[in-house]
Amino acid sequence: MKFFYQFGKYILFLRGMFSKPERLSVYIDRTFTEMNNIGIGSLAIVVIIAFFQGAVTTLQIAYQLISPLIAKPVIGSIVSDSSMLELAPTITCLVLAGKVGSHISSEIGTMRVSEQIDALEVMGINSSGYLALPKIVGGLIMIPILVIISIFLSNVGGIIAGEASGILTSEEYLQGARESFLPYNLFFSLVKAVTYAFIITSVSSFHGYYTHGGALEVGSSSTKAVVYSAIAILFSDYILAQLML
Amino acid sequence: MIEINNIRKSFEGKEVLKGITTTFEAGKTNLVIGSSGHGKSVLMKCMVGLIVPDDGHVVYDNRDFTNLPYSEMRDVRREIGMLFQGTALFDSLTVEQNVEFSLKMFTKMTPAERKDRVDFCLSQVNLEGINSKFPAEISGGMKKRVGIARAIALDIKYLFSDEPNSGLDPLTSRVIDELIRDITEEFNITTVINTHDMKTVFDIGDNVIFIYEGSNEWQGKVKDIKSSGNKRLMNFIEASYLG
């Protein structure tokens with residue numbers, strides 16, 4: 001029952017965001033700020049994770065597939081496909097659920113417990129729209145871009161690991177990647193990225209917005225935001241794979 | 001003028017407000033007094049719409065606030081300024097941006113006009129030259145004054161203040177009290193202040209409502225308090241001075 005109550009509250013929270021903005025230019029400014037916070041602010045961690053993810057995947061696939069019967073470019077095709085289909089969008093977004101989600105939740109939660117959200121409401125501002133909408137729009141724009149960067153860097157990591165270990169050359173890797181490339185896979189990856197972006201930003205905003213109490217509860221909301229976002233990402237990962245592949 | 005009629009509110013079965021009815025006059029400093037936990041803050045939050053009362057009406061100059069659709073409620077709220085107990089300044093914005101905030105959201109002023117208005121509001125609360133400071137960089141008393149400046153940035157009709165002197169030293173408290181009184185008189189605002197500071201009551205109060213365990217125990221003019229004959233009110237006043 002509690003799940004349905006919370007889910008209903010979440011839907012009402014989302015519905016409440018969409019009213020006519022008091023001043024569109026302020027919302028646009030805030031969206032650019034959030035794009036910077038979410039996108040540029042997360043770039044370093046995404047670069048590091050994507051690079052090593054590609055490198056390690058290449059080594060592990062090679063470890064499992066080294067055989068005279070299997071052509072080496074197959075390793076490149078598996079790494080590039082798995083990066084595009086699963087690793088880049090899902091792992092990147094799980095990390096972003098931790099980094100971006102906890103930041104959003106604690107920021108809004110702190111505003112709640114220090115009565116800043118009440119101050120917005122008393123001024124006649126739609127607080128959920130003002131606080132959450134720019135974050136959601138910013139996330140929907142920037143997270144797919146981060147996922148594309150992650151796909152690219154996973155492959156760079158794979159190529160470098162292949163060369164450095166002597167398992168396969170960059171030509172072999174790229175040959176495999178090119179041969180197995182399907183534009184639909186990229187589309188699928190971006191659908192995932194957009195879905196996860198919405199989950200991370202909206203679930204985290206929701207948990208921050210309904211924080212009650214003090215510092216302890218802000219921390220608790222932040223934890224809940226990360227946990228529920230991660231669960232929702234994994235659940236939607238399964239649903240999307242079932243529906244689209 | 002604000003009229004409240006039979007306001008009731010319960011939390012988890014505990015009745016916090018038990019049918020409060022009163023009127024807050026325009027251009028006057030109206031004080032809601034009472035001990036902590038007796039419903040003052042809940043009443044104020046019901047009045048500004050932060051809490052929905054279980055029953056009763058809040059009427060702002062013949063507009064029944066409690067029955068307005070959300071969009072019209074927001075229009076009334078733009079005539080309301082509120083000074084929160086903890087100031088509730090936006091900590092990611094500078095002092096200037098805090099005061100400018102509602103101007104930017106609701107007016108078509110140019111940046112230069114907004115700057116002039118911000119400077120005027122800050123001068124009203126005797127705060128000049130701190131425009132670029134962040135709330136974390138100024139004292140508690142200054143934060144309260146910035147809160148007042150932010151509240152009066154738009155041409156408000158109603159000013160609410162929840163415990164304006166909490167956490168302030170006596171001298172700063174007096175400055176805040178005088179500022180609120182001056183602004184109320186100068187702009188003919190309906191001001192409602194929650195307090196348990198009897199010095200504030202006698203210094204700046206016009207009308208008083210004494211809340212005891214969620215009920216309207218006594219109301220009248222400040223000058224009539226001492227001759228009220230209400231034992232609970234007298235005990236409260238005595239305890240305030242002893243405290």
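What percentage of the 243 residues in chain B is buried? Hi everyone, that is where I'd like to start today. Keep in mind that we are looking at a predicted model. The answer is 42%: that is the share of chain B made up by buried residues.

Now the overall dimensions. The C-alpha trace of chain B spans about 55 × 45 × 35 Å along its principal axes. Its radius of gyration is 18 Å, and this agrees with a compact globule, because a globule of 243 residues would have a value near 18 Å. As for contacts, take the pairs in chain B that are at least 6 apart in sequence: 67% of them join residues at least 24 apart.

On to secondary structure. Chain B holds eight helices and ten strands. Six strands come together in an open sheet, and if you follow along on the screen, the order is β6-β7-β8-β3-β9-β10, with mixed pairing. At the edges sit β6, residues 80-83, and β10, residues 215-221, each of them pairing on one side only. From one strand to the next, the twist averages 15 degrees.

Let's zoom in on one pair. Strand β3, residues 29-33, runs parallel to β9, residues 207-212, and four bridges link these two strands of chain B. Within that pair, Asn30(B) stands opposite Asn207(B) of β9(B).

One last element, and then I'm done. Helix α5 of chain B, residues 140-151, packs on the sheet, where it touches β6 and β7, the latter being residues 158-162. The direction of α5 makes about 175 degrees with that of β6(B).

Technical notes: Residues numbered from 1 in each chain as written. Chains lettered and ligands numbered in written order. Predicted model: local features only at pLDDT ≥ 70, side-chain atom pairs only at ≥ 80, totals over all residues. Pairing = 2+ DSSP bridges. Axes fitted to C-alpha atoms, helices over the stretch in contact; angles between N-to-C directions. Contact = placed C-beta atoms within 7 Å. Rg over C-alpha atoms; globule rule 2.2 N^0.38 Å. Buried ≥ 20, exposed ≤ 12 C-beta atoms within 10 Å, placed from the backbone.
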